[in-house]
Amino acid sequence: IKESIGKGVEKEVIDNLNKLKSRLNEAGNILNKLNRLKEEEDRELAAWHNDLARIKTQLMDIDKKLFE
């Protein structure tokens, strides 16, 4: 009886460990996707900041030329 209970518990532990490993892999994949999305978002925000700075500079140049 002890041996059959031990085997059943052992199988359950192994199954649970395999499920845990799978979930950890899924979590790692999700974090990697989130990181890629954040990097893409950061690049786009930087581009928007650069565009805004360029537009401000152009506007200041136009303003300066109009009132010289």
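1. Let's start with burial. Buried residues account for 0% of the 68 residues in the protein, where buried means under 20% relative accessible area, exposed means over 50%, and partly exposed covers what is in between (1.4 Å probe, protein chains only). Please keep in mind that this is a predicted model, in which local features need pLDDT of at least 70, side-chain atom pairs count only at pLDDT 80 or more, and totals for chains, interfaces and linings use all residues. Residues are numbered from 1 along each chain as its sequence is written, and side-chain values use heavy atoms, with hydrogens and water left out.

2. The fold is quick to describe: the protein has one helix and zero strands. Helix α1 covers residues 2-66. Helices (H or I, at least four residues) and strands (E, at least two) are DSSP runs, numbered from the N terminus.

3. Now for the overall shape. Taken along the principal axes, the C-alpha atoms of the protein fill a box of roughly 100 × 10 × 5 Å. The radius of gyration is 29 Å, whereas a compact globule of 68 residues would have one near 11 Å. That radius is taken over C-alpha atoms, and the globule rule is 2.2 Å times the number of residues to the power 0.38.

4. The surface comes next. The accessible surface of the protein is about 6,800 Å², and 60% of that belongs to carbon and sulfur atoms. Accessible areas come from the Shrake-Rupley method with a 1.4 Å probe, and for residues only the protein chains shown count as cover. Met60, found in helix α1, is exposed because its relative accessible area is 59%.

5. There is also a nonpolar patch to look for. Val9, Val13, Leu17, Leu20 and Leu24 make a nonpolar surface patch of about 450 Å². Patches are made of residues with over 30% relative accessible area and no salt bridge; like charges are joined within 9 Å, and nonpolar side chains (Val, Leu, Ile, Met, Phe, Trp, Tyr) within 5 Å.

6. On charge, the protein has 14 positive and 14 negative side chains, and the centres of the two sets lie 5 Å apart. Lys and Arg count as positive and Asp and Glu as negative, while His and the chain ends are not counted. The place of a charge is NZ of Lys, CZ of Arg, CG of Asp or CD of Glu.

7. Finally, the salt bridges: the structure holds three. A salt bridge is a side-chain nitrogen of Lys or Arg within 4 Å of a carboxyl oxygen of Asp or Glu.

8. Asp15 pairs with Lys11, with the closest N and O atoms 2.9 Å apart. Both sit in helix α1, four residues apart, about one turn of the helix. At 31% relative accessibility, Asp15 is partly exposed.

9. Lys38 and Asp42 meet in a salt bridge at 2.8 Å, N to O. They are separated by about one helical turn because they are four residues apart in helix α1. Lys38 is partly exposed at 46%, and Asp42 is partly exposed at 36%.

10. Asp51 and Arg54 form a salt bridge at 3.6 Å, N to O. These two are three residues apart in helix α1, so about one helical turn separates them. Asp51, at 35% relative accessibility, is partly exposed, and Arg54 is partly exposed with 44%.
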